[in-house]
Amino acid sequence: MTDVGIHNAFFDRIRQALAGGGKRTPAPPIPPAQAHAPGQDLGAQFGAALEAVGGRFVTVCSCSELQGYLRGLIHHHGIRSVALSDAPLLGALGLPQWLSQEVECVLPAQSHRLPFADFKRSLAQVDLGVTGCEFAIADTGTVVISSAERNRLISLLPAIHVVVFTREQLIGELAEVLSRLREPSRSAVTLITGPSRSGDIEMTLTLGVHGPREMYAICVPESALP
Amino acid sequence: MPVDSAGHGKPGSAHAGRQSSVPSFRASARSALAQPALLRAVSLATSKFVSARQQTVAQTPGFEEAREQAHQIKQHVLRNLDRYLEEFAARVEERGGQVHWAADASDACAYIAAVAAENGARRVVKSKSMVSEEIELNQALESRGLEVTETDLGEYIIQLAGEKPSHLLAPALHKSRSEVGKLFAQELGMAYTDNIEQLAAAARRTLRHKFLDAELGVSGVNFGIAETGTIVILENEGNARLTTSLPRIHVAVMGAEKLIPRLQDLVVFLKLLPRSATGQTMTSYVSLITGAKTHSADEGPEQLHVVILDNGRSRLLADEVQREALFCIRCGACLNICPVYRSAGGHSYGWVYQGPIGALITPQLSGNESASELPFASSLCGACLEVCPVKINIPSLLLDLRSKVAVAHQPPSSRREAMLAAGFSFVMRHPAWYRLLAAVARRLQRLALKDGAMRTSSVPLLSAWTESRDFPAMAPRSFDQIWREELRG
């Protein structure tokens, strides 16, 4: 059968099945988003939700405080290599330059110009991936990343993922995020809520089965930006 | 086609479901009941799932409203399925994806094999997908010389062991850590350990290489969004993200019923699915994939193929009662709560879908004669309806299916049953006959009594009833007798 023939046969069966069916109805209205209480501390809500699923959340007040926190992580985990996504925020915070003094190897944005096959193999050797995000959802402790910033693999292959965002990127709940994403502009948008987990052996929680074992979210105020 | 009352689906027509045999529930359940370790594991796992779900749902405002909304959305989508399929496919193609319409399992498998052949792909990684189990994709690709690796930890264990999943969500819940340890020692050449962390780490290492080498990744689809052509995949491990990001080609296999109209409808379904499945407020990862990559410098696959599968679904769609079974979002809540599933385990259901929803859709999708006893593998207690996130009235659909099976089958004993029923009716209408026969039965039952209940495996007629049910002994004196002798003033 031709492609058109296959398509038509498929739809003939569906339409035939529906012919005897009920009346066609309009799509049910989209339930209104729940208004969250004004003055609610979105940062605290986000942190509580993320930590409940094994992630870590910290708010820093300045660039030097951010560097201090990252230095602590680097020492604690013995991190020797870092990959950074293209998020403008990371550059604005001066992280590429600063990290290149702190660790042996930094995969900077330019290395993404490597052929994809080489890029993914070198990334698989990296200890820490640092990305930004589009939004952070307070309700569930979720960060939303989009492939526009080339963070799809940097947030996934290294065993530790650090995501940095500003307070302005914090949003109450998923409904608001989806209304802003209306036309997903890039091929992949990913909602990340905590580290990779599995309960597949004896229902016992195991972290870092395929994705990162550790996930840190760091909120920086706009004022920390130079 | 024993349960096909709608008259669609000529035998042998392209959309008739798979025909491979589904083993008898009675036989499989009996063998499961003889494995106490298996039943302990099932009971432990399902109790954990049930209490995690209960806890989270209790803390979720608007959960009941969301169930009702989801029910209405699904109902709407199925009534307008042709329109939404057209819309979804158009959006996928606009974004550089290719859509293939698969009438049945072999069609879907042949298409995926052709995609692999055209691109010279030899190594395939797969994330968890019930529909790929349904079409037996692994066997189909392996028979064409491809290497297929399941990457979900549970599915990987099952694949190494050469078994079938026993639960929609936790496919290896019937395996103990020491069994997994022995399996990994044997198959991965590592030293034996029953340390779960170490076992998971070994799987991570082995599978990382598979991911990096694979040319083709196969995933399932939890929701397809018609308005944007987006594929939504929920998971906790990250293997679905790896499967859909690392290989050059991504093939997503989707049942035709999986569509929802709008991106905003996800709010409702993301509220329901993780909570109903594992008691999580959100899974670790939710991937929204819209088309293939548009910029050559982007990460991700160069090609996206979406295989949309009928495989018996149009037959279910045609039946206005049974259509509701297509609302299912595969959360597994009805399995966990079901007394039959909890006692008999997942393998008893004989195919890829287990528990109450399996009892409902296996006979109808597989179109298989031997699965027609599945609708009877239920106590109709209604617990599945109470937990179903999209409010499928499973007990009532099972009853409907039972009657269709009964009408189609007219069992050979029906004449005898009719005579028994007529006799019963006569006796019940004639008190003297009733008293006489009851007195006789009370004396005769001693021959068949054991431990206070009838053991009538040797008694003709009665054995069909007592084979799988208790038949309590008649009391030494009837109520009528006690009334006459003691109670009446």
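Two strands are taken to pair if DSSP finds at least two bridges between them, and helices (H or I, at least four residues) and strands (E, at least two) are DSSP runs, numbered from the N terminus. The model shown is predicted: local features need pLDDT of at least 70, side-chain atom pairs count only at pLDDT 80 or more, and totals for chains, interfaces and linings use all residues. Residues are numbered from 1 along each chain as its sequence is written, and chains are lettered from A and ligands numbered from 1 in the order in which they are written.

**View 1. Strand β12 (residues 214-220) of chain A and its neighbours.** In β12(A), A:C219 is the bridge partner of A:T59. Strand β1 (residues 56-59) of chain A runs parallel to β12(A), with four bridges between them. Strand β7 (residues 160-166) of chain A is also parallel to β12(A), joined by seven bridges; here A:H161 has A:M215 as its bridge partner.

**View 2. Burial of β12(A).** A residue is buried if 20 or more other C-beta atoms lie within 10 Å of its own, exposed if 12 or fewer, and partly exposed in between, with C-beta atoms placed from the backbone. Seven of the seven residues of β12(A) are buried, so the strand is largely enclosed by the rest of the structure. A:E214, A:Y216, A:I218 and A:V220 point one way, A:M215, A:A217 and A:C219 the other. Of the 226 residues of chain A, 45% are buried.

View 3. Strand β9 (residues 188-192) of chain A is antiparallel to β9(B), with five bridges, and A:V189 stands opposite B:L288. Within chain B, strands β6 (residues 230-235) and β9 (residues 285-290) run antiparallel over six bridges, where B:L234 has B:V286 as its bridge partner.

**View 4. The contact of chains A and B.** Residues are in contact if their C-beta atoms, placed from the backbone, lie within 7 Å. Chain B contributes 74 residues and chain A 62 residues. On the side of chain B that touches chain A, helix α10 (residues 196-213) of chain B provides the largest share, eight residues.

Definitions and conventions
Contact = placed C-beta atoms within 7 Å.
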